[in-house]
Amino acid sequence: MNTRSLMIASALVMALIGLSLTFAPQEVLHALGNEATGWQLTFLQLSGALYCGFALLNWTAKAVVLGGIYGRPIVIGNLVHFTIGALALIKTRSGHSIDPFLWAMIVVYVLFAALFGYVMYTHPATTGSGK
């Protein structure tokens, strides 16, 4: 599996979410049909900072051999994030009408959880270095 593409895609998705939450938390909540108070906006900005940090981690690790001894913590972190995120989104979905944005987020999170799970439990591909 080409883990470089996986890391770039996850970095871009997390950067998009992180930058949106960091610089436009009130607009994000308004688009989702909610209004926020001061502490909720601060919490969303902190969440955006976490997403931006994770995006930078994935971006800088795009050339690392994932699944090996050194890349394994990065894979575990992504697997846990996307699995728990997918479960939380699915739980939010139960009992609500069909919201296209929520469905899109569920699909993205389940897809990334499955891909990082695959990387976690497969042996890293050997390189063409002749070893």
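The model is predicted, so local features require pLDDT of at least 70 and side-chain atom pairs count only at pLDDT 80 or more, while totals for chains, interfaces and linings use all residues. Residues are numbered from 1 along each chain as its sequence is written, and side-chain values use heavy atoms, with hydrogens and water left out.

**Whole chain**

Begin with the protein in cartoon view. The protein has five helices and zero strands, helices (H or I, at least four residues) and strands (E, at least two) being DSSP runs numbered from the N terminus. The C-alpha atoms fill a box of roughly 60 × 30 × 20 Å, taken along the principal axes. Of the 131 residues, 35% are buried (under 20% relative accessible area, with exposed over 50% and partly exposed in between; 1.4 Å probe, protein chains only).

**Nonpolar core**

Next, select Phe82, Tyr109 and Phe116. Within the largest nonpolar core, which has 28 residues, these three touch the most other members; such a core is a set of buried Ala, Val, Leu, Ile, Met, Phe, Trp, Tyr and Cys residues joined through side-chain atoms within 4.5 Å. Helices α1 (3–23), α3 (38–60), α4 (72–93) and α5 (100–120) each supply at least two residues of this core, and the largest share, nine residues, comes from α5.

**Aromatic residues**

Phe82, Tyr109, Phe112 and Phe116 form one aromatic cluster. Rings of Phe, Tyr and Trp (its six-membered ring) pair if their centres lie within 6.5 Å; planes under 30 degrees apart count as stacked, over 60 as edge-to-face and the rest as tilted. The count by this rule is four aromatic pairs. The ring centres of Phe82 and Phe116 are 5.9 Å apart and their planes lie at 5 degrees, so this pair is stacked. Phe82 belongs to helix α4 and Phe116 to helix α5, 34 residues apart.

**Largest pocket**

Finally, select Val28, Leu32, Leu89, Phe101 and Met105. Of the 30 residues lining the largest pocket, these are the closest to its centre. A pocket is an open set of points on a 1 Å grid over the protein atoms alone, where a 1.4 Å probe fits, with protein on both sides within 12 Å along at least five of seven lines; lining residues have an atom within 4 Å of a point. Helix α4 gives the most to this lining, with six residues.
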